[in-house]
Amino acid sequence: MNENKIARIKIITAMLIFGTIGLFTKSIALPSALLASARGFIGVAFLGLCLLIRRQGIKISEIKKNAFWLLLSGAGIGFNWIFLFESYRFTGVPTATLCYYLAPAIVVFLSPIVLRERVSGIRLLAAIVALLGMVPVSGILSGGIGEPRGIGFGVAAAVLYASVIMMNKKLKDISDYAKTVSQLLIAAVVVLPYALMSTDFGVLSIGRNDIILTVIVGIVHTGIAYLLYFGAIRSLSAQSAALLSYIDPASAVLLSAAAAAVFPSVFGGEILSVTTALGAVLILGSSLFAEIAESRKK
């Protein structure tokens, strides 16, 4: 199996893992900002433990060589989380999600200018179709648009997400562990002041289940998922990485509905509507079609 196929498997796996995070976070009684910072630090600690067990180290020379882009992309991830939380607060999840997933389309449209990547008609069409699919998946058809301020925060989060994808293409001669540990640590540190200021510790109550689920999110949905994601980006074009990112929201909707159907007492009675299912099919189908078509062309 060639490196390109392995990279696709890695990023698809990462997106499927990201798609299940909602099933865990909805059961954690922690403010979203505090959870985001905690997952970053736990993810870094887990990856550090993996390196210790494998008796591997992180080469400081690799980090120094890529210090500028690591610092910028890590901060981008942190501020991306903050803007997304603020978008949820001011405009609600559906509109915020739709704004946030403008990011892959932004990458497809800007990568020819920023990264000098050629954009094919197939990928351009796939980005448009996936973006259309995001409309029913986001749930915006059943609710209001929300405050302009929330939309602005959502678009800002999308721009940062897109910039992180493109900035990772600038990283050279650095191991996946060094890249992931550096970026997650910077992101966690960036979010920490915001988390501390926005959390009312006087009413905060943390149970054993909250701790267990937070550790799972930190290890699986952060440490492992980002290791796979950042490891895949270097072997794929920014456009491929962006289009495959649409698997995240589509799988989140499908997995959430499946979990609710099998375990209604745990995950609630979320019903998958026909329009939402159609949106998920458009997203997954367009991304899959674009990747298969591009592979056959090569």
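**Entry 1**

The model is a predicted one, in which local features need pLDDT of at least 70, side-chain atom pairs count only at pLDDT 80 or more, and totals for chains, interfaces and linings use all residues. Residues are numbered from 1 along each chain as its sequence is written, and side-chain values use heavy atoms, with hydrogens and water left out.

F41 sits in helix α3 (helices are DSSP runs of H or I of at least four residues, strands are E runs of at least two, both numbered from the N terminus). With L185, V189, L192, L196 and F201, F41 makes a nonpolar surface patch of about 490 Å². I noted the patch rule: residues have over 30% relative accessible area and no salt bridge, and nonpolar side chains (Val, Leu, Ile, Met, Phe, Trp, Tyr) are joined within 5 Å, like charges within 9 Å. A salt bridge here is a side-chain nitrogen of Lys or Arg within 4 Å of a carboxyl oxygen of Asp or Glu. Helix α10 (residues 176–198) gives the largest share of the patch, 4 residues.

**Entry 2: Whole protein**

I counted 15 helices and 0 strands. Of the 298 residues, 49% are buried. The accessible surface is about 14000 Å², and carbon and sulfur atoms hold 71% of that (Shrake-Rupley method, 1.4 Å probe; for residues, only the protein chains shown count as cover). Among contacts (heavy atoms within 4.5 Å) between residues at least 6 apart in sequence, 90% join residues at least 24 apart.

**Entry 3: Cores**

I looked up the nonpolar cores, defined as buried Ala, Val, Leu, Ile, Met, Phe, Trp, Tyr and Cys residues joined through side-chain atoms within 4.5 Å. The largest has 67 residues, and W81, I165, Y226 and Y229 have the most contacts inside it. Helix α11 (residues 208–233) supplies the largest share of this core, 9 residues. A second, separate core has 5 residues, including V108, A126, L243 and A290.

Leaving aside residues up to four places away in sequence, Y226 touches F18, R39, I77, W81, T180, L184, H221 and G231. Y226 is also linked by ring pairs with F18, Y229 and F230 into a cluster.

**Entry 4: Aromatic pairs at Y101**

I found 11 aromatic pairs in the structure (Phe, Tyr and Trp rings, the six-membered one for Trp, with centres within 6.5 Å; planes under 30 degrees apart are stacked, over 60 edge-to-face, the rest tilted). Y101 and Y161 pair edge-to-face, at 6.3 Å centre to centre and 85 degrees between the planes. Y101 lies in the loop between α6 (93–100) and α7 and Y161 in helix α9 (residues 148–168), so this pair ties together parts 60 residues apart in sequence. Both Y101 and Y161 are buried.

Y101 and Y246 form a tilted pair, 6.2 Å centre to centre with 35 degrees between the planes. Y246 lies in the loop between α12 (238–244) and α13 (247–262), so the pair with Y101 ties together parts 145 residues apart in sequence. Y246 is buried, as is Y101.

**Entry 5: Positive phi**

Most residues other than glycine have a negative phi. I noted R55, with phi near 55 degrees, in the loop between α3 (32–53) and α4 (60–65). R55 is exposed at 79% relative accessible area. R116 has a positive phi of about 60 degrees and lies in the loop between α7 (103–114) and α8 (121–138). R116 is exposed, at 68% relative accessibility.

Technical notes. Buried < 20%, exposed > 50% of the residue type's maximum accessible area, 1.4 Å probe, protein only.
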